[in-house]
Amino acid sequence: MRHTEYPQYAQAVAALEPVLDARDGKVIAIGGWPHSGKTTLGRYLAWQFNVSLVETDMFIIPNRGGIVHREDEVARVIEHRIGGAYPNPVIIEGATVLKLLSRLNVKPDFTIYVERPEDHDAGNLAAELDVYHKEFRPREAADLILLLPEDD
């Protein structure tokens, strides 16, 4: 199944249309466990709405023992997109997206939580992600929960 055939993607588009209608500096957060489909959904929505996508994995500092982001760079990208004379929406996705946005003092305007029925192995990040889920409760905080089918 190709990602554009997921009816859940149409559901996400329909939910975001009123949020992004004004084309102002909205922040859309996409969270979920590793390999749940966050990045693919984010890329599709960024293409569909012609907005920027911040893939937080691109800002992880390697060898820091866990998920540590180059926060100053992420903040600069977000501010560049949503601030200024011509603010635009930005989609930001990541396994710990609410924690990162909290550290940047950015409140998302809309949050999507992505999950799949199969159990994904988070590897050496499992303990850190368990703590994150207990503290930030991203599934419960989501405006929209998308259950994507298992990979074919």
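Predicted model: local features only at pLDDT ≥ 70, side-chain atom pairs only at ≥ 80, totals over all residues.
**Notebook: sheet, salt bridges and pocket**

I then looked up the whole sheet, which is open and is formed by 5 strands in the order β2-β3-β1-β4-β5, with parallel pairing. At its edges I wrote down β2 (52–55) and β5 (144–147), each of which pairs on one side only. From one strand to the next, the twist averages 20°.

**Entry on the salt bridges.** I reminded myself that side chains of opposite charge can pair when their charged atoms come close. How many salt bridges does the structure hold? I noted 6 salt bridges, and I followed up some of them.

In one of them the side chains of E71 and R103 meet, at 2.4 Å from N to O. This pair links distant parts of the chain, for E71 belongs to helix α3 (residues 71–82) and R103 to helix α4 (residues 97–103), 32 residues apart. Are these two residues buried or exposed? E71 has a relative accessible area of 22% and is partly exposed, because buried would mean under 20%, whereas R103, with 54%, is exposed.

Next I looked at E115 and R139, whose side chains meet in a salt bridge of 2.8 Å, N to O. E115 lies in strand β4 (residues 110–115) and R139 lies in helix α6 (residues 138–141), so this pair ties together parts that are 24 residues apart in sequence. For R139 I read a relative accessible area of 37%, which makes it partly exposed.

The side chains of R137 and E140 also meet in a salt bridge, with 3.7 Å from N to O. Here R137 is partly exposed at 46% relative accessible area, while E140 counts as exposed at 53% relative accessibility, because the limit for exposed is over 50%.

**Entry on the largest pocket.** Last, I turned to the largest pocket, in which about 400 Å³ of space lies. It is lined by 23 residues, and the closest to its centre are P34, H35, K38, D57 and A95. Which helix gives the most to this lining? I found that it is helix α2 (residues 38–49), with 3 residues. Sorting the lining of the largest pocket by kind, I wrote down 7 nonpolar, 12 polar and 4 charged residues.

Note on methods
Residues numbered from 1 in each chain as written. Heavy atoms only, no water. Salt bridge = Lys/Arg side-chain N within 4 Å of Asp/Glu carboxyl O. Helix = DSSP H or I, 4+ residues; strand = E, 2+ residues; numbered from the N terminus. Buried < 20%, exposed > 50% of the residue type's maximum accessible area, 1.4 Å probe, protein only. 1 Å grid on protein atoms, 1.4 Å probe; cavity = no way out; pocket = protein on both sides within 12 Å on 5 of 7 lines; lining within 4 Å. Points joined across faces, edges and corners; volume = space filled by probe spheres on them. Nonpolar A, V, L, I, M, F, W, Y, C, P; charged D, E, K, R; others polar. Pairing = 2+ DSSP bridges. Axes fitted to C-alpha atoms, helices over the stretch in contact; angles between N-to-C directions.
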